[in-house]
Amino acid sequence: MMVSVLIFIGTLLVIGIALFLAIVSIYNGLVGLRNRVKNGWSQIDVQLKRRHDLIPNLVETAKGYMQHERETFIRVTEARAKAMGAGAGSPREVGQAEGGLSDALAKFLLTVENYPELKANENFLRLQEELTSTENRIAYARQAYNDDVLQYNNKIEMFPSNIIAGMFQFLKSEFFQIENVKERETPQVKF
Amino acid sequence: MWELIENNKRRSVRLFVCLFVVLVVLGALIGEVVLPGARPFTGPGIWLGIGVAVVFASILGAVAYWAGDDIVMSVSKAILVTKEQHPQLYNIVEEMQIAAGLGRMPEIYLVVDDAMNAFATGIRPEKAAIAVTDGMVERLSRDELQGVVAHEMSHIVNRDVLFMSFAGVLLGSITMLSEGFLRGMFYSSGSGSRRGKLSGGGRSHPAILLIAIVFAVLAPILARIFYFAISRRREYLADATAVRLTRYPMGLASALEKINGDPVDLEIYNRFTAPLFIVDPYVGLHQSQRSIIPTGSTHPPVEERISILRALSGAGFRDYQSAYVKIRKEAELIPERMLRDKTAVPLREATAGETAGVEPIRKQKHRELGDIVMAGAGFLFLPCVCGLKMKVPPTLGASSVPCPRCGRLLILPSVTAGITHTGPEPAQKSVADAAPLSYERKSDGWESFACDCGHPVQLSPLFRSRFIRCRGCEKDIEIRYPGTTR
């Protein structure tokens, strides 16, 4: 009698410890993923800031050549202000604001086509390369971020980690998309 | 990506064990022949041989680890490129660094060579570097160059540089030991008795001698087969990773096509650096060699790599795997359980922008690259009022030089401390903490001088401020005006 009770308690103990260890490892895995998602987001943030910093220079360089395109400049400047304002928002809000900026930039660069002198300007060429690179960086940072988000969200939804996620309130992260019809056509000029 | 690194590690350990066993057996046999005991395999020679072989390989390994990268760079005559010198190349590398999630930005080197090639170094990942030839930068479009840089970045993140360098060290040790042994046998065969005296003991058993010679002949070939097999696999994996990073296989494919069709041979070819390049520099040099030894290339056939890249329908490892199996008609490249991409990885479209090969752009690129090379060699850039940029060699020896276009006399800079730095060491570093720089004006006309960082600074006749900021190192330079000339 005594022995069987002891065995019963021992078994319970072993199962309990195993369960506890499993929970700990799943929890730690989730925390690690969440941190990666956070880090990925801050990487995107860095690149978006780089994009915002680039625009005043671009506008300043172009202004001397494009005196009759006030509207284009205003549109770009406003879109930039909006995008900067959305900086602290959710990925969706940021994505929308950045999409607006992408649109304005695309139109701006389309207008540049009519100004061959500006296109030959060394300073402008340099800024344009920076812009191309920045768009690429945003794309690659987004790529890495979305990969992490996918992995994280999968973990949150799948059994058994979904139980732990529910217990400790791990929330699903949003994907980052720059919402724009012509989103993949990065604003660039054809030579 | 991490699953690939894990997989690579496991395979590399197997390769190392194979090469190491070959090395040890070779050492033992040589030792046994040189210092035979009373009965076969009882003398001290066998242990001595193993010891010598292992110590030899360790010394080579240590050299490769501590100085390998610098040796490779100096052998290749590479010039360090900063962001100011070539913004596009720098940007492309940084983009790939972001995509690969590499913690630190690799250094970028330009190799002065008309051939199109690129390689990565970094036995210690914190000292990673990517080098491209100027012929490559000049002739590839942005997307193509990005593909190439992504391939090299993949070599870094997949730890290929580390593994292939050490495998190369083992291969080199085996080759050198067996070559030395065979040569020694050849020269001493005429006076066999002397060898007997030297060893003190009896002569080695003829059967053992025969085995040793056969093994010494076979060992390098065996080692090379192991080595090349793993090297070629890693090239495919680097292609797959590059596609995963750029999501644009066409860039790499068309870059490979251009490189393949390029008739110029790499001048800086070196047997030990060969596996690091994007395409085997050896193939172009010795076309005949390729057919004689089918295992003799570190790289898979370029045509095959291109057709795999062109057949891709997605950017994931799974897509690469299926294209690989279809085209090579071979077993899988990456074990199925290692593929963790659950969803499809979409491809991206081509970057709009410059079209490569257009003559004016190529010319401009050529000039830019030439400037970098000249700056690396200590040349001075003197802008003249008439718009001409004169490149003055550091060995001119005169204090002024007339402009060839307008005849104006240009005064050579007096502050030339920084520009004598040549080679891979960036000039900026050496003077980073120097005292504030100053320059005394010589006249009221146009003047130019070099900042300590080597960047030319130009003063217009109207310039009257006390400080001017160098556009190269962003430091303020004090401008002094001698009272008499003012």
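**Exercise 1.** In which sense do S12(B) and strand S13 of chain B pair, and over how many bridges?

*Solution.* Note first that this is a predicted model, where local features need pLDDT of at least 70, side-chain atom pairs count only at pLDDT 80 or more, and totals for chains, interfaces and linings use all residues. Residues are numbered from 1 along each chain as its sequence is written, chains are lettered from A in the order in which they are written, and side-chain values use heavy atoms, without hydrogens and water.

Step 1. Find S13(B) at residues 476–480. Strands are DSSP runs of E, at least two residues, numbered from the N terminus.
Step 2. Read the pairing: antiparallel, over 3 bridges. Two strands pair if DSSP finds at least two bridges between them.
Step 3. Check one position: B:Phe467 faces B:Glu478 of S13(B).

**Exercise 2.** Explain why S9 and S12 of chain B each have one side without a neighbour in the sheet.

*Solution.* 
Step 1. Write the order of the open, mixed sheet: S9-S13-S12 (chain B).
Step 2. S9 (437–440) and S12 (467–469) of chain B are at the edges with a single partner strand each, so one side of each lacks a neighbour in the sheet.

Note on methods: Helices (H or I, at least four residues) and strands (E, at least two) are DSSP runs, numbered from the N terminus.
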